Amino acid sequence: MKEYIEERAIEIANYIIEEKATVRQTAKKFGVSKSTVHKDVTERLQQLNPALAHKARKVLDINKSERHIRGGLATREKYLHQQEHREK
């Protein structure tokens, strides 16, 4: 594995852990795809630093379990905003 990929995988994991970031937020921050973030954390990092991979995985699992709640809140916010706009 190339050195820059190893460094990126470690940086990504640290960012996820420190910021409690989602895959999407992390991908945007590092300018890579969601697939790359996922692969870095689940596959590449497991070979480099299993303990760090486990910590990052725990954060991602929590984010995944809360995903439906965030989606519902975003939808609610969208419709509230549309309703306010119509009333004006």
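**Stop one: helix 4**

Select Arg57 and Asp61: they sit four residues apart in helix 4 (residues 50–87), so about one helical turn separates them. Helices here are DSSP runs of H or I with at least four residues, strands are runs of E with at least two, and both are numbered from the N terminus. This is a predicted model, in which local features need pLDDT of at least 70 and side-chain atom pairs count only at pLDDT 80 or more, while totals for chains, interfaces and linings use all residues. Residues are numbered from 1 along each chain as its sequence is written, and side-chain values use heavy atoms, leaving out hydrogens and water.

Now show the side chains. Arg57 and Asp61 form a salt bridge, with 3.0 Å between the closest N and O atoms; the term means a side-chain nitrogen of Lys or Arg within 4 Å of a carboxyl oxygen of Asp or Glu. Arg57 is partly exposed at 26% relative accessible area, and Asp61 is also partly exposed, at 37%. (Buried is under 20%, exposed is over 50%, and partly exposed lies in between, using a 1.4 Å probe and protein chains only.)

**Stop two: helix 3 meets helix 1**

Next, pick Arg8, Asp40 and Arg44, which salt bridges with shared partners join into one network. Zoom in on Asp40 and Arg8, whose side chains meet in a salt bridge at 2.7 Å, N to O. Asp40 belongs to helix 3 (residues 34–48) and Arg8 to helix 1 (residues 3–19), so this pair ties together parts 32 residues apart in sequence. Are these two buried or exposed? Both Asp40 and Arg8 are buried.

Staying in helix 3, select Glu43 and Lys39, which lie four residues apart, about one turn of the helix. Their salt bridge has its closest N and O atoms 3.7 Å apart. Glu43 is partly exposed at 46% relative accessible area, and so is Lys39, at 36%. By the salt-bridge rule, the count comes to four.

**Stop three: zoom out**

Show the whole chain as a cartoon. You'll find four helices and zero strands, in the order α-α-α-α along the sequence. The C-alpha atoms fill a box of roughly 55 × 25 × 20 Å along the principal axes. Finally, colour by burial: buried residues make up 25% of the 88 residues.
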